[in-house]
Amino acid sequence: MLLAAAVTVVLAALAGCGTEDTADRGTQGAVVPVRPAAPKQQAVNGLPGMPPVQDPKDVYAADRPNKLSPVVKDFPSRVYVPNTESDSVTVIDPKTFKVTETIPVGRQPQHVVPSWDMKTLWVNNNRGNTLTPLDPKTGKAGPPVDVHDPYNLYFTPDGKYAVVMASLDRQLVFRDPHTMKIKHTEPVSCYGVNHADFSRDGRYFIVSCEFSGELLKVDTARMKVVGQQKLPFQGAMPQDVKMSPDGKRFYVADMMANGMWVLDGDTFGKPRLLPTGKGTHGLYISRDSKEMFVTNRGEGTVSIFDFTRNRLTKKWQLPQGGSPDMGGVSADGNTLWLSGRYDSEVYAIDTRTGVQIARIPVGDGPHGLAVYPQPGRYSLGHTGIFR
């Protein structure tokens, strides 16, 4: 009885506190609702040894304007243009739009590729069967390294291997990323292995086979082809490959289908075609990860794909036409640099307006142009896929 009476007194006192006028006391004594905690972003279970994904919703989060790694921040800004028919690399100062140097390299250089650690630029001398290392700090070429059929070059996300796209040899050759010594050779049954990009977790990558119109899915750790499919278009010729910022889709340019294939890489199901323009070839992500620049080599245009709206929003026409091919976005994100494959020139385009800023004569057959340095923590290869 005494305990019950005590409880009654306490409750009455609390009730009195609750009914007290608090208008002149600000928020003192007011009941403040508890907001639910924001849901935590689920961490990505990445390939062992791969740097952690900074933002599961945006794999390009490290590529923001001028966010240069300490490794590259003191490198001079340059545009490196491999001229397949002139066996040289033209070097352009992007501030003056002037050619500063022409570097002789091996036979038929296809792409200039930043290494995984971003310290070296590798020139893929396809017919010369060599890789020429360029020092991006000094611009000097080192002794060529013997590598057979190096059409294109990528690096696994853990930095463990370089992956040579041996197009004519029909092989994916996994090599030491520094010495380029062979570690594993994976034969492929498709023809013309060409371009690639890695999944968000780095555990697999999608490869385009240019001459047989096929796609491959490759297990990164096992270094094995685990999927293969023929594109549903007669005469398909897939080119560049890029992953969406959220990691849910791959986009594959197709110069004969005149558009991009949209593919779910996880299921590796049947892709759908999104028409963009004649001779669709290169795919480049904007610095804010909101848009992708799509080069249409056969009609001299660049299409703009909006990731948020999931559709094409604009198309820029190059004045006097041209053959926009491969390239990259400047470190500040304001300029799209593209090689003019059949016109012996390079185009500089304002990414905000689509206006051509410059048109620069270079050697014959300019192809896999690299803008360097660029933001990011590490390179997956090609002309610069940074994460």
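Let me begin with an open sheet of four strands, which has the order β3-β2-β1-β28 and antiparallel pairing, where two strands pair if DSSP finds at least two bridges between them, and where strands are DSSP runs of E with at least two residues, numbered from the N terminus. Because β3 (98-104) and β28 (370-372) stand at the edges with a single partner strand each, one side of each is left without a neighbour in the sheet. The twist averages 25° from one strand to the next, with axes taken as lines fitted to C-alpha atoms and angles running from 0 to 180 degrees between N-to-C directions.

Please keep in mind that this is a predicted model, in which local features need pLDDT of at least 70 and side-chain atom pairs count only at pLDDT 80 or more, whereas totals for chains, interfaces and linings use all residues. Residues are numbered from 1 along each chain as its sequence is written, and side-chain values use heavy atoms, with hydrogens and water left out.

Staying with this sheet, strand β1 (residues 78-83) runs antiparallel to β28 and is joined to it by three bridges, and Val79 stands opposite Val371 in β28.

A second open sheet, again of four strands, has the order β4-β5-β6-β7 with antiparallel pairing, and its edge strands, β4 (109-114) and β7 (145-146), each pair on one side only. Strand β6 (residues 130-134) pairs with β7 in the antiparallel sense over two bridges, and Leu131 has Val145 in β7 as its bridge partner.

Now to the cysteines: a search of the whole structure finds one disulfide, a disulfide being a pair of cysteine sulfur atoms within 2.5 Å. Cys190 and Cys209 form this link, with their sulfur atoms 2.1 Å apart, and the angle of -55° about the S-S bond makes the link left-handed. Both Cys190 and Cys209 are buried, that is, under 20% relative accessible area, with exposed meaning over 50% and partly exposed in between, for a 1.4 Å probe and protein chains only.

Finally, Asp240, in strand β16 (residues 238-243), counts as buried because its relative accessibility is 0%. The side chain of Asp240 makes a polar contact of 3.4 Å with that of Lys242 (a pair of N or O atoms within 3.5 Å, where within protein one must be able to donate a hydrogen and the other to accept it, and residues adjacent in sequence count only if both atoms are side-chain atoms). A polar atom of the Asp240 side chain also lies 2.9 Å from the backbone nitrogen of Leu283.
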